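Subject: Structure for you to look over

Hello,

I am passing a structure on to you, and my notes follow below it. Please read them with the model open.

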Amino acid sequence: MHQNRQGTRRTDFPPIPGELGKKIWLNVSKEAWQSWQQLQTMMVNEYQLNLSDPNVRKHLLNQCDKYFFGDGVGTEAVPNYVPPTEAK
């Protein structure tokens, strides 16, 4: 779960339409939203998703909801993805 921590900035407006967008706007930091956008881009590219397909958009919204408010299965959606190591 990647929700907003107290004291962090949220997005300037709901990032997507509907109730999920409002929930994200109220509970998710700007930084966490940017992390989701990067993951979503990787999923679209890896699976060569057609964003004009309503089923694909619905799937991505479902993954987004799981990423922020569910069990985190959205984070495992890109096969062979190895997160960059943090500079120490």
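A residue is called buried when its relative accessible area is under 20%, exposed when that area is over 50%, and partly exposed in between, using a 1.4 Å probe and protein chains only. The model is predicted, so local features need pLDDT of at least 70 and side-chain atom pairs count only at pLDDT 80 or more, while totals for chains, interfaces and linings use all residues. Residues are numbered from 1 along each chain as its sequence is written, and side-chain values use heavy atoms, with hydrogens and water left out.

Overall layout

The chain contains three helices and zero strands, and its pattern along the sequence is α-α-α. Helices here are DSSP runs (H or I, at least four residues), strands are runs of E of at least two, and numbering starts at the N terminus. Of the 88 residues in the chain, 28% are buried. Contact means heavy atoms within 4.5 Å. Among contacts with a separation of 6 or more, 52% are between residues 24 or more positions apart.

How the helices pack

Two packed helices are described by the angle between their axes and the distance between those axes. The axes are lines fitted to C-alpha atoms, for helices over the stretch in contact, and the angles run from 0 to 180 degrees between N-to-C directions. Angles under 35 degrees count as roughly parallel, over 145 as roughly antiparallel, 65 to 115 as roughly perpendicular, and the rest as oblique. A crossing is left-handed if the near helix is turned anticlockwise from the far one by less than a right angle, and right-handed if clockwise.

Helix α2 (residues 30-47) packs against helix α3 (residues 54-69) at an angle of about 140°, and their axes are 11 Å apart. α2 is therefore oblique to α3. Their crossing is right-handed. On the α2 side the contact involves A32, W33, S35, W36, L39, Q40, M43 and V44, and on the α3 side L60, Q63, C64, Y67 and F68. By class, this contact has ten nonpolar, three polar and no charged residues. For these classes, Ala, Val, Leu, Ile, Met, Phe, Trp, Tyr, Cys and Pro count as nonpolar, Asp, Glu, Lys and Arg as charged, and the others, Gly among them, as polar.

The axes of α1 and α3 cross at roughly 30° and come within 11 Å. These two helices are therefore roughly parallel to each other. α1 passes α3 in a left-handed crossing. L20, K23, I24 and N27 of α1 meet L61, C64, D65, F68 and F69 of α3. The residues of this contact divide into six nonpolar, one polar and two charged.

Individual residues

I24 is in helix α1. It counts as buried because its relative accessibility is 0%. Beyond its neighbours within four places in sequence, I24 is in contact with P15, I16, W33, C64, F68 and F69. The C-alpha atoms of I24 and F13 are 9.5 Å apart, with the two residues eleven positions from each other along the chain.

T11 lies in the segment before α1 (18-27). With a relative accessible area of 9%, T11 is buried. Leaving aside neighbours within four places in sequence, T11 is in contact with W25, V28, K30 and W33. A polar atom of the T11 side chain lies 2.9 Å from the backbone oxygen of F13.

R9 is also in the segment before α1. R9 counts as exposed because its relative accessibility is 53%. Not counting residues up to four places away in sequence, R9 touches S29, K30 and E31. From R9 to E31 the C-alpha to C-alpha distance is 8.0 Å, across 22 residues in sequence.

Q48 sits in the loop between α2 and α3. Its phi is near 50°, a positive value in a residue other than glycine. Q48 is exposed, with a relative accessible area of 71%.

Regards

Conventions:
A polar contact is a pair of N or O atoms within 3.5 Å; within protein, one must be able to donate a hydrogen and the other to accept it, and residues adjacent in sequence count only if both atoms are side-chain atoms.
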